[in-house]
Amino acid sequence: MALIFTVDDDPGVGGLIKVLFEDRGHEVLVFENGKQCLDRLDENPSVVFLDMVMPVMDGMETLKTIKNAKSDLPVIMVTGVDDAGSAVEAMKLGAFDYIVKPFDEPRLFSVLDKAIEQTALIGQVRYLQVELNRAKGIGGIVGTSPALTATLEKILKVGVSNAGVLLLGESGTGKDLMARAIHENSHFSQGLFVDINCGAIPENLQESELFGHTKGSFTGATETRKGKLELADGGTLFLDEVAEMSLNTQVKLLRYLQEKSFERVGGTKKIFTKTRVIAATNKDLDEMVKKGSFREDLYYRLAVFPITIPPLRERKDDISSLAIHFVTLYKKEFDKEISSITPEAMNVLENYFWPGNVRELGNVIYQAMIMTGTNFIDIDSLPVNVKNKNTQKTSEAVVSQYASSKGDFVEPFDTSVRQVLQRALDLTNGDIPKTAKRLKLSRSSFYRMVQKYDLTKPFSKN
Ligand SMILES: Nc1ncnc2c1ncn2[C@@H]1O[C@H](COP(=O)(O)OP(=O)(O)O)[C@@H](O)[C@H]1O
Ligand SMILES: [Mg+2]
């Protein structure tokens with residue numbers, strides 16, 4: 001199914017095209033002039049049928065504007081018998097083909113099929129380009145938007161300096177990935193990249209995780225252990241969720257950054273290391289400093305070189321390459337051959353708000369790959385919340401829409417996936433290999449889903 005635009009000042013022509021193509025399962029939008037069509041171009045049609053002679057904005061002018069905005073979009077000129085000459089002119093300007101009125105139906109369909117095929121081929125080429133960029137790009141970072149490119153330039157520059165780096169950005173924007181990229185492109189790349197998630201370690205254990213401890217220094221310290229700072233000697237220490245670091249640990253870290261030496265918990269010996277420190281947070285550290293929950297002096301030490309990674313919604317240009325990247329990444333897990341995303345589904349992805357950023361996009365693609373019954377991702381396979389939020393300007397609007405329409409209550413996506421998977425498992429009496437095969441999933445990925453969605457085998461006790 002494709003989205004087709006037809007532009008003709010004669011409603012009879014547009015109507016005929018609409019009927020013929022809708023019969024074949026396509027969606028057709030009819031416009032009376034070039035301007036109307038251009039206003040809706042960001043809905044990503046697969047093909048445009050464009051009348052040559054129209055008031056307001058004629059075919060030729062419309063064609064030029066379309067080709068400027070979307071050079072890959074196939075435009076088919078619709079001409080009267082007597083202006084075949086200008087059709088040739090249009091082909092020179094990048095029109096895909098032309099057809100002459102009154103239509104010869106088989107010709108109309110074959111032109112359409114060819115155009116759709118070309119769109120698919122261009123999709124394939126794009127996909128290969130993304131693959132190629134990924135192979136030669138830094139640290140597997142995908143995307144070519146101006147905002148991301150500017151961030152990557154900073155990363156390469158800061159990589160070769162020895163400065164401390166503070167990565168700022170919403171959750172899922174790629175802070176982890178960027179930290180690794182800085183490490184790979186730095187003088188510290190021969191050493192280890194050691195990360196510590198301050199949010200995941202209880203405050204009383206943070207110091208010993210970071211600086212190590214001596215035997216008997218506290219209950220449970222049965223032997224002397226090196227801390228992560230020492231493990232990262234000559235390499236990079238990545239302090240993730242640094243805003244969650246306890247004030248005590250902050251004091252000790254600051255001293256290390258000033259003196260390049262520290263003592264293990266319970267120890268007295270000074271240990272010197274050459275460790276590059278990169279910190280990351282999704283919190284407003286500035287605000288925390290004002291409130292006194294983060295030390296100002298440490299903040300300035302860490303943030304010698306702050307880099308803000310923009311949220312995905314502010315670099316929409318990256319969405320399609322990232323989506324394709326995730327399809328390739330996850331494809332190995334499935335027995336079905338999924339290799340494309342329909343332009344309509346891509347359009348939905350490009351217009352979603354992505355509160356969970358790239359991580360959420362990865363999850364959505366993964367779920368769509370489970371849900372799709374075909375070998376491409378179409379709108380139907382996308383989670384309801386992604387589809388719904390598309391038509392809304394803000395997430396608040398979506399919430400209130402849900403609240404006011406109890407009658408159309410839609411299950412959260414995870415719940416519906418779980419139901420589908422559980423039902424499939426029940427049908428085989430809990431035979432995991434068999435269910436995986438029926439779902440066209442590899443056994444290992446289905447195992448993971450059993451755990452993730454907490455599926456139960458029928459008749460089993462737990
Ligand atoms: N530009 C990118 N290219 C490819 N993968 C990305 C990109 N940005 C993020 N990811 C992926 O998205 C997920 C979340 O990124 P992560 O670095 O963990 O985000 P954060 O640390 O900011 O929460 C990871 O699986 C990561 O590999
Ligand atoms: Mg992270």
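User: Which residues have the most contacts inside the largest nonpolar core?

Analyst: This is a predicted model, in which local features need pLDDT of at least 70 and side-chain atom pairs count only at pLDDT 80 or more, while totals for chains, interfaces and linings use all residues. Residues are numbered from 1 along each chain as its sequence is written, and chains are lettered from A and ligands numbered from 1 in the order in which they are written. The largest nonpolar core has 67 residues, and those with the most contacts inside it are Leu167, Ile278, Ala323 and Leu361. A nonpolar core is a set of buried Ala, Val, Leu, Ile, Met, Phe, Trp, Tyr and Cys residues joined through C-beta atoms within 7 Å; a residue is buried if 20 or more other C-beta atoms lie within 10 Å of its own, exposed if 12 or fewer, and partly exposed in between, with C-beta atoms placed from the backbone.

User: And which helix gives the most to this core?

Analyst: That is α15, with seven residues, where helices (H or I, at least four residues) and strands (E, at least two) are DSSP runs numbered from the N terminus. This core also draws at least three residues from each of domain 2 (146–308) and domain 3 (313–452), with bounds that come from an automatic or database domain assignment.

User: What does Leu361 touch?

Analyst: Leaving aside residues up to four places away in sequence, Leu361 touches Leu312, Ile319, Leu322, Ala323, Phe326 and Trp354, contact meaning that two C-beta atoms, placed from the backbone, lie within 7 Å.

User: Switching topic, which residues come nearest to ligand 1?

Analyst: Of the 17 residues around ligand 1, Val142, Gly174, Lys175, Asp176 and Val358 come nearest, and a residue counts as near if its C-beta atom, placed from the backbone, lies within 6 Å. The elements that give two or more residues to this shell are α7 (175–184), α13 (317–331) and α15 (357–371).

User: Why does ligand 1 lie between domain 2 and domain 3?

Analyst: Both domains give residues to the shell around ligand 1, so the ligand lies between them.

User: Last one: is Ser444 buried or exposed?

Analyst: Ser444 is exposed, because it has 9 other C-beta atoms within 10 Å.
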